[in-house]
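User: Please go through this model with me, and for each label that you use, set the value against its definition.

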Amino acid sequence: MLQVGVIGCGYWGPNLIRNFQLLNRSNVMRVADLDMRRLKHMKALYPTIDTCTNYMDIINDPDIDIVAVATPVKTHHRFALEALTAGKHVFVEKPLAASVAECEDLIEIARQNQRKLMVGHTFLFTAAVRKMKEIIDSGELGEIYYINSQRLNLGLFQQDINVIWDLAPHDISIILHLLGQEPLSVSAIGSSHINPSIEDVAVLTLKFSESLLAFIQTSWLDPDKIRRMTVVGSKKMMVYDDVQPTEKIRIYDKSVEKPEHYDTFAEFQYSYKYGDIIIPKITGDEPLRTELRHFVDCIENDEQPLCDGNSGLRVVKILEASQQSLAEGSSHISLR
Ligand SMILES: NC(=O)c1ccc[n+]([C@@H]2O[C@H](COP(=O)([O-])OP(=O)(O)OC[C@H]3O[C@@H](n4cnc5c(N)ncnc54)[C@H](O)[C@@H]3O)[C@@H](O)[C@H]2O)c1
């Protein structure tokens, strides 16, 4: 049984606690938070778990094997670094850290201490994203032309990070996973309406090649909760709607075939293909459970996690470049 300490039990931390408890190979021993009300609430839910306000009580406990970090982004590096240095395996919620330099530091310390470092790119463990990856890799969609991703809702406003750092890690991690490549450049445009120094609406453009682009739209100011990704290929198109309870993926047998010769607009119209719409069956566990099970497996079998430190670094590299692009009036920032 691997013993777990969780730092941070605000909105997301309780989900980590619940899922580590439900795995039969891990047990949450201790939870740390600065907020006594959150600790009291955790104690009421899980009477066997110790609580503390000083996270060092987790880091210094020799019985704890895994430290899971679910605190604000600016604290990730410090907690993860101290935990890795103390010889713990570390799971950090997304994004891995607040800068490329911090990520590189964590990767190096994990390597030196031979400990597992994993970042919570939860969507890679959803049945829908796994299915999309399978479909794209099979070549069914043909050559991928572009991906358009929207992650919009009303709130939750963050005090320390903008909407890009809050929401886009999900889209970026999914897109990098689906395409299996990193972008050449990124540009970002955004604006602030509620807190003048924190962008609450933003759009990123990721350029992978002359012909492959990805767009990510994020907002804390939208009336609807939208979690929608469209993948347009030369043969077919696919839409992933995460808000749908069951039919999350639709494959459209639609494409445009450029006729060699056409004399009239009507002839050109014939070259649009409108075929069937397929809804593949997808089933799966709670993604967070699958994700934490994967982490425990990697520790037990000494394997590299799917979302290891480098995966976290690739996402933060794009977030940092997007921030720079915003500061420079939406300039294109090279990632090579
Ligand atoms: N994977 C996902 O889908 C997902 C979803 C939501 C949030 N997250 C991530 O989880 C992390 C936490 O987000 P959240 O929404 O739960 O934030 P939150 O503000 O609700 O909770 C953070 C908690 O950390 C505590 N904390 C802060 N400093 C601390 C310290 N020094 N010692 C101990 N506790 C401390 C706070 O008191 C608070 O209870 C972020 O990295 C966020 O991006 C991931």
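User: Where is leucine 221 placed, and what makes leucine 221 count as partly exposed?

Analyst: Leucine 221 is in strand β11 (residues 221-233), where strands (E, at least two residues) and helices (H or I, at least four) are DSSP runs numbered from the N terminus. Its relative accessibility is 31%, and buried means under 20%, exposed over 50% and partly exposed in between (1.4 Å probe, protein chains only), so leucine 221 counts as partly exposed. This is a predicted model, in which local features need pLDDT of at least 70 and side-chain atom pairs count only at pLDDT 80 or more, while totals for chains, interfaces and linings use all residues. Residues are numbered from 1 along each chain as its sequence is written, and side-chain values use heavy atoms, with hydrogens and water left out.

User: Why is aspartate 302 called exposed, and why does serine 330 count as partly exposed?

Analyst: Aspartate 302, in the loop between α9 (287-301) and α10 (309-327), has 61% relative accessibility and therefore counts as exposed. Serine 330 lies in the loop between α10 and β15 (333-334), and at 27% relative accessibility serine 330 counts as partly exposed.
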